[in-house]
Amino acid sequence: MTAPLQETTLYAKLADGSLAGTWTLDPARSTVALKSKSMWGLVSVKGTFTKVEGTGIVSPTGEVTGQITVATGSLDTKNARRDTHLRSKDFFLAEEYPAITFTLNKVTPTGDGVNVEGTLTVRDRGNPITFTSTAAPDADGAVALDATVEVDRSHYGLTWNMLGMTSMSSTITIHAVFTRA
């Protein structure tokens, strides 16, 4: 495991333009996972989106923008019946809304990583979201970002909840590895 970028190092790399350019998410080295509580909080439902893509642009002056997209139909919980239900109108409505998108608006270096601001869009409902992420360089020049984000799924129209069994809170865990394009 590589050490997080220190604030001064990240500031310096952004400020001196050494990170400037276009970056591409490496889907083979990246994961986006989802976890939610079911059965009145007694059971954790976990899944991984198997199709993820993204890009990032770092300007010569250090501003960062980008986007990560996951295919809603690619969610794999290791239970085919549950996966079919999650892709249905009760949840992601994958046929009509094939992607969940995070659009990055701003990155601010912090003591051991970055503060991330952007918009999360699910089922055509976009909401602002802010979270912290660690940022770690790999030996090959890639940059890995790791974050855990809590999301209230009702803010995105995902309100199905038979008998109140399912939590509205979901945890999204992201490991995004970006390489220079």
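Visitor: Why is Asp76 called partly exposed?
Guide: Its relative accessible area is 26%. Buried means under 20% and exposed means over 50%, with partly exposed in between (1.4 Å probe, protein chains only). Asp76, at 26%, falls between those limits, so Asp76 is partly exposed. This is a predicted model, in which local features need pLDDT of at least 70 and side-chain atom pairs pLDDT 80 or more, while totals for chains, interfaces and linings use all residues. Residues are numbered from 1 along each chain as its sequence is written, and side-chain values use heavy atoms, without hydrogens and water.

Visitor: What makes Asp76 and Lys78 a salt bridge?
Guide: Their closest N and O atoms are 3.2 Å apart. A salt bridge needs a side-chain nitrogen of Lys or Arg within 4 Å of a carboxyl oxygen of Asp or Glu. The Asp76 and Lys78 pair meets that limit, so the name applies. Lys78 has a relative accessible area of 72%, so Lys78 is exposed.

Visitor: How many salt bridges does a search of the whole structure find?
Guide: Three.

Visitor: How do you know that Arg29 forms a salt bridge with Asp26?
Guide: The closest N and O atoms are 3.7 Å apart. That is within 4 Å, so the pair counts. Arg29 has 29% relative accessibility, so Arg29 is partly exposed.

Visitor: What makes Arg29 and Asp140 a salt bridge?
Guide: Here the closest N and O atoms are 3.0 Å apart. Again this is within 4 Å, so the pair qualifies. Arg29 lies in the loop between strand 1 (21-25) and strand 2 (31-38). Asp140 lies in the loop between strand 9 (125-137) and strand 10 (143-152). The pair therefore ties together parts 111 residues apart in sequence. Strands here are DSSP runs of E, at least two residues, numbered from the N terminus. Asp26, Arg29 and Asp140 are linked in a network of salt bridges.

Visitor: What joins strand 10 to strand 11?
Guide: Ten bridges join strand 10 to strand 11 (residues 169-180), and the two run antiparallel. The bridge partner of Val143 in strand 11 is Phe178.

Technical notes: Helices (H or I, at least four residues) and strands (E, at least two) are DSSP runs, numbered from the N terminus. Two strands pair if DSSP finds at least two bridges between them.
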